[in-house]
Amino acid sequence: MKENTSTLEKLDYRASYWMYKYGKPILRFGLAINFIWFGALKVVWDSPAQELIAKTVFWFDPVIFIPVLGVWEVLIGIFMISKKTLRLAVLLLLFQIPGTFLPFIVLPEACFENFPFVLTTEGQYIIKNLVIIGAAIVAGGSVREREFIEQDIKSADTE
């Protein structure tokens, strides 16, 4: 940083530096907490999403499917914690996340108060998965970050 920079620029630099340095680990831990928490609720049969899941994947016995899904989500969360197991977390997530959008196809009446824009609480719960997908992509992309930096590969949103 230049010596004659303003206080605002220095503050901006420090904040940006901190976010750059700690953002991805915080993102991973946030994802981990979400998956462990929501998954654990399914395992102990106390998830607010149980009814929606049971109606969406009606071809599976919910007494078996929902706890298995919960264990799957807990594993995603556990594997998300360490960069060493991050690839495994992303792989499990690739198989889990498409199913979260199934209610839009199987039960649109449970997702929309007024199609196509006014979502129910359940629909909002599902749409937030777009943020989880983006977060998982950012976290997963960090697995080879050092290699990409060495090769001077830039992010798609780099100016």
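This short talk walks through one predicted protein model, from its helices to its salt bridges and its surface.

Let me begin with how the model is to be read. Because the model is predicted, local features need pLDDT of at least 70 and side-chain atom pairs count only at pLDDT 80 or more, while totals for chains, interfaces and linings use all residues. Residues are numbered from 1 along each chain as its sequence is written, and side-chain values use heavy atoms, with hydrogens and water left out.

Helices here are DSSP runs of H or I with at least four residues, strands are runs of E with at least two, and both are numbered from the N terminus.

Which residues of helix 8 are buried? They are Asn 129, Ile 132, Ala 135, Ala 136 and Ala 139. These residues lie on the same side of helix 8, because they cover an arc of only 110° around the axis; the arc is that of the directions from the helix axis to the C-beta atoms. Buried means under 20% relative accessible area, exposed means over 50%, and partly exposed lies in between, with a 1.4 Å probe and protein chains only. On the other side of helix 8, Val 131 and Ile 137 are exposed. The general rule is that an α-helix has 3.6 residues a turn, so residues three or four places apart point the same way. The buried residues of helix 8 pack against helix 1 (7-43), helix 3, helix 4 (86-100) and helix 7 (121-127).

Next, the salt bridges. How many does the structure hold? The structure holds 5 salt bridges, each being a side-chain nitrogen of Lys or Arg within 4 Å of a carboxyl oxygen of Asp or Glu. In one of them, Glu 73 meets Lys 42 at 2.8 Å, N to O. Glu 73 is in helix 3 and Lys 42 in helix 1, so this pair ties together parts that are 31 residues apart in sequence. Glu 73 is buried at 5% relative accessibility, and Lys 42 is buried at 4%.

Glu 73 is also among the contacts of Gln 96, which, leaving aside neighbours within four places in sequence, include Phe 35 and Trp 72. Contact means heavy atoms within 4.5 Å. Gln 96 belongs to helix 4 and is buried at 7% relative accessibility.

A further salt bridge joins Glu 51 and Lys 55 at 2.9 Å, N to O. The two are 4 residues apart in helix 2, about one helical turn. Glu 51 is exposed at 53%, whereas Lys 55 is partly exposed at 46%.

Asp 152 pairs with Lys 154 at 2.7 Å, N to O. Asp 152 also has a positive phi of about 55° although it is not a glycine, and it is found in the segment after helix 9 (145-150).

Two backbone details remain. Trp 45, in the loop between helix 1 and helix 2 (50-56), has a positive phi of about 60° without being a glycine. The peptide bond from Phe 115 to Pro 116 is cis, with omega near 5°.
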